[in-house]
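Here are my notes on the model you sent. Please read them with the structure open.

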Amino acid sequence: MDLTFTPEEEAFRDEVRTFLSQKLPARLSDKIRKSQHLTKAEMEEWHAILNARGWLANHWPVEWGGTGWSVMQRFIFETETALVHAPRVLPFGVSMIGPVLLKYGSEAQKRRWLPRILDGSDWWCQGYSEPGAGSDLASLKTSAVRDGDHYVVNGQKTWTTLAQYANMMFCLVRTSTEGKRQEGISFLLIDMATPGIEVRPIKLLSGDHEVNEVFFTDVRVPVENLVGEENKGWTYAKYLLTYERTNIAGVGASMAAFGELKDIARTQRRNGRPLSEDPQFAARLARLEIELENMKTTNLRVLVAAGAVAAPTAESSMLKIRGTEIRQTIDDLMRRAAGTHARPWIPESFEGGWNGEPVGPEWAGPVSTHYFNDRKLSIFGGSNEVQREIITKAILEL
Amino acid sequence: MDFSLGEDRQMLADSLRRFLADKVPFSVRKTAAFEGAGWSRDIWGQLAELGAIGALFDEGVGGFGGSPFDVAVVFGEIGRGLLTGPWLAALQAGQVLGAAGRTDDLAALIDGTAVITYAEEEADTWFDPAAITTRATAQGDRWVLDGAKTVVAYAGSADRLLVVARADAGLSTFLVERDAPGMTVRDYLLVDGGSAGDVTFAATPATLVGEPGHAGPVIEAARALGLVALAWEAVAVMDALRDQTLDYLRTRKQFGIPIGKFQALQHRMATMALEIEQARSAAINAADRYIGTRVERERAASAAKATIGKAGSLAAEEAIQMHGGIGMTWELAMSHYAKRLVMIGHELGDEDHHLARYIELGHELEQAEA
Ligand SMILES: Cc1cc2nc3c(=O)[nH]c(=O)nc-3n(C[C@H](O)[C@H](O)[C@H](O)COP(=O)(O)OP(=O)(O)OC[C@H]3O[C@@H](n4cnc5c(N)ncnc54)[C@H](O)[C@@H]3O)c2cc1C
């Protein structure tokens with residue numbers, strides 16, 4: 001066993017660093033560093049920069065525009081981009097619908113949709129959850145009824161992340177009410193501009209607008225937008241979830257955030273000494289660091305063993321649980337580090353162009369917002385309770 | 001031993017509860033919490049009329065309560081109703097005014113005509129008054145202040161500020177008019193609603209309250225009562241979170257049954273309920289020991305804050321988690337209770353601060369006994 005980087009991996013890391021230092025616009029990384037919201041155009045701008053280098057959909061097969069990178073290379077890329085505050089690659093196209101189409105899509109669908117993900121023509125959103133179907137996703141009711149060359153879709157999705165920007169949705173719909181519930185679900189690609197679709201914003205507790213309700217009234221979807229076979233959508237949906245969960249674990253991003261936390265602990269003083277020398281805080285920090293180091297190895301171990309981009313079902317659940325717990329602990333310590341300065345809330349400060357004075361140290365401004373907003377990590381992508389159920393059954397066989 | 005609140009306090013609790021439930025629905029309180037200065041002076045005035053502010057102070061100084069259990073009742077109802085406003089600041093400022101015999105100023109605070117906030121915390125003090133650097137200088141029989149305070153409750157909408165500053169003789173307290181020359185206030189909203197401000201003083205005229213150099217013990221006792229208040233507020237917020245979450249577990253169905261039937265959630269709910277009862281006991285202990293020796297009082301206050309810090313973040317996080325996506329929304333009252341609870345953790349010293357303080361006070365106690 002050897003966990004050190006090979007010379008090739010070192011060289012790759014340098015290549016990524018050089019690319020980032022040359023191509024990442026400071027305008028974007030400044031915003032990320034200040035926790036300011038990127039506009040739609042800014043997110044697209046970063047995708048375009050990565051795409052120009054051929055690194056956007058880096059885990060796709062080379063013939064479809066991927067890179068052929070190893071697990072380690074992808075990990076290096078994820079970590080390095082997070083360290084310099086590069087925007088996150090949006091998962092919906094590249095890491096959700098992309099892999100599904102690659103595995104289950106028709107040749108025509110691949111040729112039609114995959115290039116549009118790369119060149120930014122389409123912004124996808126995920127239409128899984130409904131008001132009555134969250135953890136019990138298979139109980140979804142939004143219906144699609146065949147009518148000639150179209151499906152007619154009626155119903156409602158909810159919690160749809162960034163649907164306000166999306167022009168396409170991959171959507172789970174019910175095409176049969178007979179037999180097992182899982183066997184009556186189909187996977188449809190829906191153009192958000194189709195008449196009968198209405199998107200309504202949901203405001204999160206942190207004040208952010210990132211999720212929406214989406215209503216469908218007699219929405220006509222061409223049958224060629226059915227992925228795979230009718231009533232087989234559950235299989236595709238679950239495959240997508242393994243990608244989603246592996247992605248949510250976000251180990252690279254947590255490593256970058258932990259580095260910042262450690263810097264803060266070294267510089268922020270509390271009762272005459274740095275926080276890192278406060279016995280209580282130092283113990284919290286040390287436990288977190290140990291957990292993160294362990295997680296880094298668990299993550300690579302699982303992915304290397306799987307020889308795949310996404311971990312298998314039960315393993316992806318493990319990564320999702322511990323990865324999100326670690327991220328939430330980082331947020332928790334950040335807010336604790338800020339003391340009284342975790343309390344002020346200046347909503348304008350999250351918008352680009354805000355140049356006001358921070359209250360207390362600059363890093364303290366967004367800590368509570370992150371803490372509350374990231375409670376979502378243990379809820380979405382299948383709640384951590386549901387992940388534990390999966391582990392219980394699939395690995396432990398209890 | 002008697003764990004009942006007594007008839008008078010129960011009446012006060014009932015009347016505050018009825019007023020908040022009937023006269024100012026939650027939606028009104030929530031809107032007020034995030035608009036303008038983040039509170040309603042009108043509601044404040046009406047509650048003053050009901051005796052909510054007077055209950056915080058002793059009869060000897062013009063109040064009609066003042067026992068830690070009176071304070072507990074008022075802050076319990078504030079927590080239950082998730083009400084914003086300068087309650088804690090008024091409690092601390094009023095204690096200092098009362099101790100100095102400034103009954104006229106206190107009377108104006110009690111009847112709601114003057115809002116007096118409390119300015120102790122500075123950017124680098126971390127709740128340690130020994131680190132206060134705001135200077136007070138005597139000029140003949142007048143005083144001026146120089147320095148800066150941070151996250152001063154409702155600094156922008158208070159009429160006066162009770163400021164803790166360092167004079168040659170040591171820590172002292174002063175009253176400063178809101179429009180005093182040389183003072184700036186920068187206002188902002190808070191994560192859990194309400195507002196605060198950063199305040200700077202440059203040769204700002206101030207009126208001495210009490211004797212110069214004698215403020216240390218007075219502000220320490222005022223803070224201990226503030227900790228009692230926050231502990232009771234936090235317990236009430238936790239009670240609300242528990243009830244709201246229980247309701248949700250009973251009504252939300254997934255997999256064809258109420259989610260409260262899943263043992264994974266049942267045990268978590270049981271743990272949360274247990275933690276809340278421990279927190280309630282800590283709050284009772286803190287109120288009870290308030291009239292004991294200094295070390296007893298301070299240890300119980302720190303114990304309560306350490307307890308509600310731990311129980312509070314657990315209850316807030318669990319309540320959100322067990323609600324699933326809906327628990328993440330602004331729309332739901334629950335999420336605002338959760339935010340309040342976590343933010344209480346950041347007032348008057350956090351869990352870690354009070355744990356360390358508890359240990360330190362324990363050493364003092366042992367030395368005193370030896
Ligand atoms: C910020 C955010 C963004 C999201 N983005 C998207 C998106 O883009 N697209 C999309 O389709 N969905 C999205 N979701 C929805 C998300 O996937 C669901 O919220 C999640 O699946 C949980 O469902 P629910 O909210 O209905 O909670 P519920 O399923 O009602 O769960 C409530 C609680 O019960 C627990 N529970 C449920 N069943 C069990 C069980 N059997 N055993 C033990 N505990 C159980 C849950 O863990 C949870 O704690 C998003 C959610 C959030 C918060």
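1. S5(B) pairs with strand S7 (residues 195–209) of chain B in the antiparallel sense, over 3 bridges. Two strands pair if DSSP finds at least two bridges between them; strands are DSSP runs (E, at least two residues), numbered from the N terminus. Across this pairing, B:Thr173 stands opposite B:Val209.

2. The model is predicted: local features need pLDDT of at least 70, side-chain atom pairs count only at pLDDT 80 or more, and totals for chains, interfaces and linings use all residues. Residues are numbered from 1 along each chain as its sequence is written, chains are lettered from A and ligands numbered from 1 in the order written, and side-chain values use heavy atoms, without hydrogens and water.

3. Strand S4 (residues 160–167) of chain B runs antiparallel to S5(B), joined to it by 8 bridges. A hairpin of 2 residues links S4(B) to S5(B), and B:Leu161 stands opposite B:Val176.

4. S5(B) (residues 170–177) has 7 of its 8 residues buried, so the strand is largely enclosed by the rest of the structure. Buried means under 20% relative accessible area (1.4 Å probe, protein chains only).

5. The ligand lies between chains A and B. Of the 26 residues around the ligand (a heavy atom within 4 Å), those that come nearest are A:Ser135, A:Ser383, A:Glu385, B:Arg252 and B:Gln321.

6. Backbone N or O atoms lie 2.8 Å (A:Ser129) and 2.7 Å (B:Gly325) from an oxygen atom of the ligand. Taken alone, the ligand exposes 980 Å², of which the protein buries 96% (Shrake-Rupley method, 1.4 Å probe).

Conventions. Polar contact = N/O pair within 3.5 Å; in protein donor to acceptor, adjacent residues only side chain to side chain. Buried < 20%, exposed > 50% of the residue type's maximum accessible area, 1.4 Å probe, protein only. Helix = DSSP H or I, 4+ residues; strand = E, 2+ residues; numbered from the N terminus.
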